[in-house]
Amino acid sequence: MARFAPVKPAVMAGVRAAIATILPVVVASALHLPDALWLSVGGFNTSFADRGGSYRTRALSMSAGLLAGALSALAGGWWGHHPLVAIPVAFVWITACSYAGVFGAAANVVGNTSASAFVISMALPSSSLSEVLLRAGLLGLGGLWALVLSLVLWPIRPYRPARLAVSQCFQRVADYAGAVGQLSRGGAEGTAWQAVILGHHGRIREALEVAGSTLAATRRGRGESGRGERLLVLLQMADALFRTMIALGDVMESLVQEHRETPGGAEVARTLAAFSATLQELARITETEGRARSLPSLEWGAASFKAVLVRSDTLGEPRPLEGSERAKCLHAARLLERLREFSEAAVRMATGLSGERLPSRRNPVVQRPSVLGPLRDNLSMDSVVLRHALRVGFTTTLAIGLSARFIQSHGYWVTITVLTIMQPYTGATFLKGLQRVAGTMVGGILAVVVASWLHEPQAILVLVFLTVAISIAVIPLNYGLYTVFLTLTFVLLAEVGTGDWGLARVRILNTLIGGALALACTWLLWERPERELFPKQLAAALRANRDYFLLVFSTGLEGGRGVDEALSEAQRKMGLETLNAEASFQRLLSEPRRRTEPLEPLMTLLTYTRRLAASVISIASSFQYLGMERSRERLECFVGVAGRVLEDLAEAVSTGRTPAPLVDFEEVLGGHAFPPEGTDSLLGIQLERVARHLTILHGAASRRGDRTPFECPPSPAKAPA
């Protein structure tokens, strides 16, 4: 509950939100305008809808928040005056707002802020249409001020978000390269390599996805420029560097684990340290507007590592290399050369970010997402979003009814607590509920302390400006800390508006009631515990690994020609499905209930799903060296068996059964001379590594939960007609 995310506070976003929230109140108070707090609510909610990304994306999300909030305030204020229909209208309206989450995170925020405006306005009904229209207009005016402040008055640099996102990709690959370099010196245990894989692969894939979506949104609807095209090429280069680093990490882990001290390990470490420094400089150039003043150093490469290999072969210094070890070292040298080539091309591209348009590159067609598609796809009780929307709608409506009947002061704080706490998943709801309640209690106590010695409205507005800025700035760090300053902000604002200096106690009590109601309904209404969802997510990750595995070997048997885009997309899907499985596992850990299933097999399955992917990516990076067509028959047998093993593992994980007995991979690989004599032994080494990962995955799946072993399919030449 108290863990802080390893990110920097969003200081500038906090200051901007504070200006958007407080300045309208100050102006309205100076002009003696009524209902000035609605200006503040509009400014705060619209600022909250600013989720970052391209300026186009920010404008769309903030405009949607402005319009939906004003409409919600209008509807809530009008229907609140008609008690007989207010409850069913509230259920439909809030359920619809929650269902907006099918369109993504930004739409989910807009839906939540709109639902909050609706319940606040419903709690303060008005029989006068003009008053309700004024309320909605003030909220919209406050939101318009926040939008203009963020997108017009604040310095506009259209490609700044995309630059930062692409720069983050290079920075994370640099961190990964530095970690692999440290372990390449030797002496590291297998757990250290596992930690590097789990700690970096997912984060890099997330950064690549964020950069891709940000760049697509920035370029959509704009006249194309050289900057946008160059950023797209840089993003593709970052992805290529990531794939190459995965392959290099896999081969270096194999060398270190099997030989402990590999000749040239220190040279690889130094080279990767220099490569990491180059990428860090490349990240700086990418995010900096204007021409680069200095270029990253490229005074590194595979030459020093190759020199060590030559001495080992000719002079036996520091020791002669074995056959398999020599094959791995040569592969590592090739990968280092590839890193150097990609880095050089990326530096040339980055230094021209402010220059002319690239003449030879076609613009990719960016498909607009369907509006009705997500709505139709989630109209099922199997949909997490629909179940969550119905749960939120019912619980919030119940909170409205109970507040109207039993809570006389600020009952809408109960409802807003319900809206804020409830998440699609039980563990996330429980965690957020604890943070909300604890943060509200601390913030309420601080409000009491402040109110006891500070009574001047002008001084309180100055303090509230600071608390708004801090609350928005610390959202990325910890939600509980955000709640502390949010509670302090709105209790003080309410006290300034009403003169009631005892609202802190009311805020704490209403938050406790709302938190208890949200947690109770989360457990009682259409709950899908993560222990039911996680096996399906893990099975999807295993199947994505199988699809990529089969595509890699079918491509390799054809000489690795013509399917680069298909391989890249399959690898991307594999990374995303693995990310989803890891997120599901984290939610499983956070669920507040006793788990009867041991966690060790699940953790092993997750870990070796990533490690299997790394080994297959390593094979895909070395098509031109492997000569797969020379071993086609045995290779087709291995690929067929491994593919069906992965499918059976996915089915076993999904259904909870024990997987079929595992085939003897040594027999599959060793039935003939494999690879053929006189060829590079790298392919055989890599296949043995894949088989080892499959064996560990099978053992973990067996420990969760009989069939006959898999057999080799008949050779195409011997297949019956």
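1. First, the ground rules. The model is predicted, with local features needing pLDDT of at least 70, side-chain atom pairs counting only at pLDDT 80 or more, and totals for chains, interfaces and linings using all residues. Residues are numbered from 1 along each chain as its sequence is written, and side-chain values use heavy atoms, with hydrogens and water left out.

2. Let's start with H22 (residues 600-620) and H26 (residues 682-704), whose axes sit 9 Å apart at an angle of about 160 degrees. Helices here are DSSP runs of H or I with at least four residues, numbered from the N terminus. Axes are lines fitted to C-alpha atoms over the stretch in contact, and angles run from 0 to 180 degrees between N-to-C directions. H22 is therefore roughly antiparallel to H26 (the label for angles over 145 degrees).

3. What is the handedness of the crossing of H22 and H26? It is left-handed, meaning that the near helix is turned anticlockwise from the far one by less than a right angle. The contact of H22 with H26 involves 14 nonpolar, six polar and five charged residues. Nonpolar covers Ala, Val, Leu, Ile, Met, Phe, Trp, Tyr, Cys and Pro; charged covers Asp, Glu, Lys and Arg; the others, Gly among them, are polar.

4. Now look at H3 (residues 55-79) and H4: their axes come within 10 Å and cross at roughly 160 degrees. So H3 and H4 are roughly antiparallel too, and H3 passes H4 in a left-handed crossing.

5. On the surface there's a nonpolar patch with about 730 Å² of accessible area together, including Phe91, Met381 and Trp526. Patch residues have over 30% relative accessible area and no salt bridge, with nonpolar side chains joined within 5 Å; areas use the Shrake-Rupley method with a 1.4 Å probe. H14 gives the most, four residues, while Phe91 lies in H4.

6. Finally, the structure holds 23 salt bridges (a Lys or Arg side-chain nitrogen within 4 Å of an Asp or Glu carboxyl oxygen). One joins Glu281 and Arg284 at 2.7 Å, N to O. These two are about one helical turn apart because they are three residues apart in H10 (residues 265-287).

Technical notes
Parallel < 35°, antiparallel > 145°, perpendicular 65-115°, else oblique. Patch = residues over 30% accessible without salt bridge, like charges linked within 9 Å, V, L, I, M, F, W, Y side chains within 5 Å.
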